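Good morning, and thank you for coming.

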Amino acid sequence: MVINIKIKNLALIFGLCIISFLFTSCTSKQTQTPFTFIRDNGGDYYAVKLDKTWGYADKYGKVIIKPKFVDVTPFIDDIAFVKVDTKWGLIDINDNWIVQPKFESIYERNKLSPNDEYTDRFSSGLEPVKFQGKWGFIDKTGSFVIAPQYNDANKFRHGIALVQKDKERFFIDNHDEVVISEKKIKNAIFTGPGTGMYSKGFFKVFNKRTPDKWAIMTREGKIISDWQPDSGILFYSLPDSDITPFMKKKKIGFIEYKSDGSYKVIIEPKFDETQPEFSENLVAVKIKDKWGFADKAGNFAIEPKFVYAENFKNGLAVVGIEPAIWGIVDKTGKVLFQKEAFYLTNFSEGYAFFYTYKDDEIKAGIIDMQGKTITEPQFYDFGGEVFSLDFKFKNGACIVANKGLKKGVIDTKGEWLIQPEFDTILSNNNKLFITIKNNKYGVIDAYGIWIIDPEYAFITSDDYNTFIVAKNGKWGLVDKYGKFLLKI
């Protein structure tokens, strides 16, 4: 009798445990709330938002830090800034505090140079933060290396940062030593679109009297170029380049920055126009109305004889031989082939596009590396609004448009892999394409098979392995096979 009672009690307890488990499991699934926003941070983790709070999920959809912060930044080297109430702190990937919330602001966009996009944190090992009303610089442990003392501060680039104290702007190094002050430059101001590092060792500064014009300045404060408008020939910056084009008396030369901090003019200004930087030790340059190719000593490797020239890529360069004749040359200047065309693109995966202009229409056809026509001109610029000259094969596929400017995808033979029926097709990656039609997003592969059905209000991806999807105000993650990692 006692044994029977025990068995019955055990059975009852076991049954209650099963019911409890099933109830808990079902309840857990029923109360799982989809996220209200997901932000691709460009790394291994996503920022996920639930109502008004942010947390993190990994690439597999696992929530690693539950939403609890007012705002968050991407993880870089497994550390990130997070905001609690009105203050920012620093955490590691395990949600441990490196610095408790105490910073009033962190660097997001340079107020001194509003067009300077933010691309990384802790460049040169330091990061600007605002504490007790002043900006300083911390390292990855959260310790101040440069004490808070500035009214404003920019990020470091190649060991130099633009800061402002009271009304004075100047560049400092990572030891907080002044490199050059605005006060010491007679006719320059350190403010304006893109003010800061122009290329290694050189700065972009603006004219005090005509602030819409800029010039290149050395670390010693010497202006080495003409003052020119942002819409001028030299409107680009090359922040990671050792060799920089500069304009003097309306001619372009090149200057090289040395690792010891010195610089040397390697080509005196003599060109009327150039490509922005060297490629394969040569640069396309223009003198009068002809283009050729110069080496780093300023000597012509190929004499100017073309109406236009692109830089070399894989030993070949696109050149305009005559206004309506384009071709490809090797580094000896030999024309490998020429084609009657309005323009010729660089080769990608062994194929290029040649453009024709007839009856107010620009169309593109395909040629191979021998100049053989694969398809006659029949494809239209995929941008539609502007002639972008941006056709390029990747993984054997290219996004193009038909005459009605509907987008599709072709192979290297010019055959349609994906029929032209979409308003927009985003970049080709992993042979997958994000499509938009009638404001509905989907993901399709190069064989025309839907990976993610075209029913979403928004889809984006950084690597095309995991996709952020949104519908009806709810956000989720889907892998490249169409499987939900975080359900909506």
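**Salt bridges, a buried threonine and a sheet**

Arg 121 counts as buried, because its relative accessibility is 10%, where buried means under 20% relative accessible area, exposed means over 50%, and partly exposed lies in between, with a 1.4 Å probe and protein chains only. Please note that this is a predicted model, in which local features need pLDDT of at least 70 and side-chain atom pairs count only at pLDDT 80 or more, while totals for chains, interfaces and linings use all residues. Residues are numbered from 1 along each chain as its sequence is written, and side-chain values use heavy atoms, with hydrogens and water left out.

What does Arg 121 form with Glu 127? The two residues form a salt bridge, with the closest N and O atoms 2.8 Å apart; the term requires a side-chain nitrogen of Lys or Arg within 4 Å of a carboxyl oxygen of Asp or Glu. Glu 127 is also buried, at 0% relative accessibility. In general, side chains of opposite charge can pair when their charged atoms come close.

By this rule there are 16 salt bridges. Another one joins the side chains of Lys 59 and Asp 463, at 3.7 Å from N to O. Lys 59 sits in the loop between β3 (53–58) and β4 (63–69), and Asp 463 in the loop between β44 (458–460) and β45 (466–471), so this pair ties together parts that are 404 residues apart in sequence. Strands here are DSSP runs of E, at least two residues long, numbered from the N terminus. Lys 59 is buried at 14% relative accessibility, whereas Asp 463 is partly exposed at 22%.

A further salt bridge is formed by Asp 95 and Lys 68, whose closest N and O atoms are 2.5 Å apart. Asp 95 lies in the loop between β7 (87–92) and β8 (97–103) and Lys 68 in strand β4, 27 residues apart. Both are partly exposed: Asp 95 at 24% and Lys 68 at 45%.

Let us turn to Thr 218, in strand β20 (residues 213–218). Is Thr 218 buried or exposed? Thr 218 is buried, because its relative accessible area is 0%. Among the residues that Thr 218 touches are Phe 202, Ile 224 and Tyr 263, contact meaning heavy atoms within 4.5 Å.

Finally, the sheet. Three strands form an open sheet in the order β22-β23-β24, with antiparallel pairing; strands pair if DSSP finds at least two bridges between them. Its edge strands, β22 (243–248) and β24 (263–271), each pair on one side only. Between β22 and β23 (residues 251–257) there are 6 bridges, and Ile 243 has Glu 256 in β23 as its bridge partner.

Terms used
Helix = DSSP H or I, 4+ residues; strand = E, 2+ residues; numbered from the N terminus. Lists of a residue's contacts leave out its neighbours within four places in sequence.
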